[in-house]
Amino acid sequence: MFVKRLRSSALKTLLLLSLLSCFITAITATISSAEPATGRYISVSGDTIKLQLTIASPAPQNLILEQYVPPGTQILSTSPKARKINSKSGVVKWLFKGVSPGVTIVTMQVSPASATQAVNGILRYRLPGGGMSEQRLAR
Amino acid sequence: MAMVKIDGTKVKFLREQKGLTQLYVATVVQVTTDTISRWENKRYPTIKKENALRLAEALEVELNEILEEFQDEEPAQNQPVTEPPPSTDKTRSFSKIWPLLLLSATIGVLIAAITWFFIMHGQPLKISAKRMLPERCTADTPFPVSIEVIGPPEAVVAIILKENLPEHVVVKNTDPPLAPSGQKNNTLKWLHKAEGRTLFTYIATLSKPLNINDVFIGSAAASNDSENPVTIEGNNTIELSLHHWADSDGDNVINDKEILTVYDQYGDLEKLGIDIDLIEEIWLGSGYRWDPEKKVYEILP
């Protein structure tokens, strides 16, 4: 009877430990799979493009956002202010310095409005080891 | 040991008939009242003969009167012993003491953890140091050198950092600032409290090419282990060229990776006198070139 009880307790303990290790593995995998920074377009309305940057913790120290519109597109306004606007090539660049975890909204007003449909972008930052991460903005 | 099989019902009947309590009978037989109860309820009808004799004596009857009918005395080796077996007692004992064992184990683990904590904290704190030095620079133009010291997290430790500079290297500024006696000849020395990652940066210029054996050499030590300094790893030499120090691949362009490296690796260089705006302008432009006559970088549109 004691042996039976012991076996039953051991099995229960083993089962609990297995569940706990699965839980810890899942949490670790979720955390490690989370990118330090991601970006996605949240709305394209009229001539305005709005995107959201999500910075995780630990955050990259600095990052570069680059958006591409059809060459010749006029950039009417940007918020925050873009560091470089090249209408001829259709490249708009932001340099975010001293980044903190959280969410940042970036908007850009273009002319003609039809250019909003062709916009795409890239987010770049250095990885802790010294390599570069380059991600396309999701839609 | 001889065993006999008693009739529990008869035992109970006789005891009650004579108005005897289980306690009295138990005292005479020298067992517990539980045992008497079990015998009466036929849970363990086979008992030791000497106990059966005492039981008969307590009940004031002959032994035969409390034995089961047609019951002969049997030697123990031929009869299964049905009194609570020793193993069952052990089982009960185990089930009683296992919480105690668990408690002892927990206390043991706690003691081990506390001992480990104190042993670890009594040991010298491990640190590492890495120098980040550009591969090239232009003569007499300022360039940064950062030394990243990694100490134990969540522990403030005093760091002693020494850096011996090659000949022709002149230091313009440092962060953290050096004490008045912190620079002697071509040696920089900091004593600074640090926690986790700490950056020691200095701005220097180089007027002539370095000799092959004339390199940057340094060491870092925790104040509680100053006799065992660690060598500063990383790049230890720099060459003179017409490229900007931030242009690490020497292609006359400062690309995204290079501008991010400037900001990520060297900290706040603006306050130390590095022209960050120039670097950003080069990054935003299509390239640059060094004008040796004017001694400035020209940005290509």
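Colleague: Over how many bridges do S5(A) and strand S6 (residues 91-97) of chain A pair in the antiparallel sense?

Modeller: This is a predicted model, in which local features need pLDDT of at least 70, side-chain atom pairs count only at pLDDT 80 or more, and totals for chains, interfaces and linings use all residues. Residues are numbered from 1 along each chain as its sequence is written, while chains are lettered from A and ligands numbered from 1 in the order in which they are written. Helices (H or I, at least four residues) and strands (E, at least two) are DSSP runs, numbered from the N terminus, and two strands pair if DSSP finds at least two bridges between them. A:Lys84 stands opposite A:Lys93 in S6(A), and the bridges between S5(A) and S6(A) number 3.

Colleague: Which residue in the turn between S1(A) and S2(A) has a positive phi?

Modeller: Strand S1 (residues 37-45) of chain A is joined to S2(A) by 8 bridges and the two run antiparallel, with A:Gly39 opposite A:Leu53. They form a hairpin with 2 residues between them, and the turn residue with a phi of about 60° is A:Gly46.

Colleague: Which residues make up the covered face of S2(A)?

Modeller: In a regular strand the side chains alternate between the two faces of the sheet. The uncovered face of S2(A) holds A:Thr48, A:Lys50, A:Gln52 and A:Thr54. The covered face consists of A:Ile49, A:Leu51, A:Leu53 and A:Ile55.

Colleague: Which residue in S7(A) is the bridge partner of A:Lys50?

Modeller: S2(A) and strand S7 (residues 102-111) of chain A pair in the antiparallel sense over 8 bridges. Within S7(A), the partner of A:Lys50 is A:Thr107.

Colleague: Which residue is joined to A:Pro58 by a cis peptide bond?

Modeller: A:Pro58 is found in the loop between S2 (48-55) and strand S3 (62-68) of chain A. Omega of the cis bond is about 5°, and the residue joined to A:Pro58 is A:Ser57.

Colleague: Is B:Asn185, which has a positive phi although it is not a glycine, buried or exposed?

Modeller: B:Asn185 has a phi of about 50° and lies in the loop between S9 and strand S10 (187-195) of chain B. A residue is buried if 20 or more other C-beta atoms, placed from the backbone, lie within 10 Å of its own, exposed if 12 or fewer, and partly exposed in between. Because B:Asn185 has 6 other C-beta atoms within 10 Å, it is exposed.

Colleague: How are H2(B) and H4(B) oriented to each other?

Modeller: Helix H2 (residues 22-29) and helix H4 (residues 49-58) of chain B pack at an angle of about 135°, with their axes 8 Å apart. Angles under 35 degrees count as roughly parallel, over 145 as roughly antiparallel, 65 to 115 as roughly perpendicular and the rest as oblique. H2(B) and H4(B) are therefore oblique.

Terms used: Axes are lines fitted to C-alpha atoms, for helices over the stretch in contact, and angles run from 0 to 180 degrees between N-to-C directions.
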